[in-house]
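Subject: The structure we talked about

Hi,

Here is the structure I promised to pass on to you. Please open it next to this email and follow along as you read.

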Amino acid sequence: MTTRSRSKRKGNLAKYWGFIPFTLLIAALAGWMPEVAPVMILGLAALSSYFFVFGMPVWCGALNRDGTTCRENAYGLLLGCYRRQHKWQKVKMRFARTKWAKLNRGLWTQPRECLATIGAIIAILGGIAAFVPLPWMPK
């Protein structure tokens with residue numbers, strides 16, 4: 001009996017669940033859902049940003065010992081793959097100021113990473129906009 005990896009066991013809806021609250025967040029911010037309260041917008045923004053930062057399937061992007069970039073599957077923009085050293089590399093990139101440029105380059109390498117980065121930025125700004133009155137939102 002062969003075991004299947006975590007990503008193969010999960011369906012597409014389970015892997016990409018964060019796009020549902022992200023779509024609702026965009027609809028609420030665009031004014032298509034005027035009855036949504038700011039607290040609900042904040043909740044949708046929190047769920048969406050959590051998904052993009054810690055849950056979306058992306059490549060690891062950490063450096064291997066031979067200097068190449070790791071292409072293993074990771075979850076979220078800020079987490080590494082299953083290798084312990086790669087997880088520590090990603091943690092060090094977040095907190096070491098000299099590594100921020102390298103981390104920023106890794107956020108824009110592939111279309112999947114670009115989508116996750118843009119989605120996280122929009123979700124965070126949407127959470128801030130939940131309490132700032134936007135001109136097109138009804139009062």
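The protein chain has seven helices and two strands; helices (H or I, at least four residues) and strands (E, at least two) are DSSP runs, numbered from the N terminus. Starting at the N terminus, the order of the elements is α-α-α-α-β-β-α-α-α. Please keep in mind that this is a predicted model, where local features need pLDDT of at least 70 and side-chain atom pairs count only at pLDDT 80 or more, while totals for chains, interfaces and linings use all residues. Residues are numbered from 1 along each chain as its sequence is written, and side-chain values use heavy atoms, with hydrogens and water left out.

Now for the chain as a whole. It has 139 residues, and 35% of them count as buried. Here, buried means under 20% relative accessible area, exposed means over 50%, and partly exposed is in between (1.4 Å probe, protein chains only). Contact means heavy atoms within 4.5 Å. Among contacts between residues at least 6 apart in sequence, 52% join residues at least 24 apart.

(The expected span is 1.5 Å times one less than the number of residues.) Which residues of α3 are buried? They are Pro21, Phe22, Leu25, Ala27, Ala28 and Leu29. Their cover includes α4 (38-54) and α7 (111-129). Just after α3 comes Gly31, with a positive phi of about 95 degrees.

Several of those α3 residues turn up again in the core. A nonpolar core is a set of buried Ala, Val, Leu, Ile, Met, Phe, Trp, Tyr and Cys residues joined through side-chain atoms within 4.5 Å. The largest one has twelve residues: Leu25, Ala27, Ala28, Leu29, Met33, Val36, Ile41, Leu44, Ala45, Ala123, Ala129 and Ala130. Helices α3, α4 and α7 each supply at least two residues of this core, and α3 gives the most, with four. Apart from this core lies another, of nine residues, among them Phe22, Phe51, Val58 and Ala120. As a general rule, nonpolar side chains in soluble globular proteins tend to be buried together. Ala27 also touches Trp32 and Met33, leaving aside residues up to four places away in sequence.

Next, the aromatic rings. Rings of Phe, Tyr and Trp (its six-membered ring) pair if their centres lie within 6.5 Å; planes under 30 degrees apart count as stacked, over 60 as edge-to-face and the rest as tilted. By this rule there are seven aromatic pairs. Phe19 and Phe51 form an edge-to-face pair, 5.7 Å centre to centre with 70 degrees between the planes. Phe19 lies in helix α3 and Phe51 in helix α4, so this pair ties together parts that are 32 residues apart in sequence. Phe19 is partly exposed at 23% relative accessible area, whereas Phe51 is buried at 0%. Phe22 and Phe52 are also edge-to-face, at 5.3 Å centre to centre and 90 degrees between the planes. This pair links α3 with α4 across 30 residues. Phe22 is buried at 14% relative accessibility, and Phe52 is buried at 0%. One aromatic cluster is formed by Tyr16, Trp17, Phe19, Phe22, Phe51 and Phe52.

Also in helix α4 is Ser49, which is buried at 17% relative accessibility. Ser49 touches Ala123 and Ile124, not counting residues up to four places away in sequence. Ser49 and Gly76 are 27 residues apart in sequence and 9.9 Å apart in space, C-alpha to C-alpha.

Finally, how many disulfides are there? A disulfide is a pair of cysteine sulfur atoms within 2.5 Å, and the count comes to zero. The sulfur of Cys70 has its closest cysteine sulfur in Cys81, 3.9 Å away, which is too far for a bond. Cys81 is in no disulfide either, with the nearest cysteine sulfur, that of Cys60, 3.8 Å away. Cys70 is buried at 2% relative accessible area, and Cys81 is buried at 3%.

Best wishes
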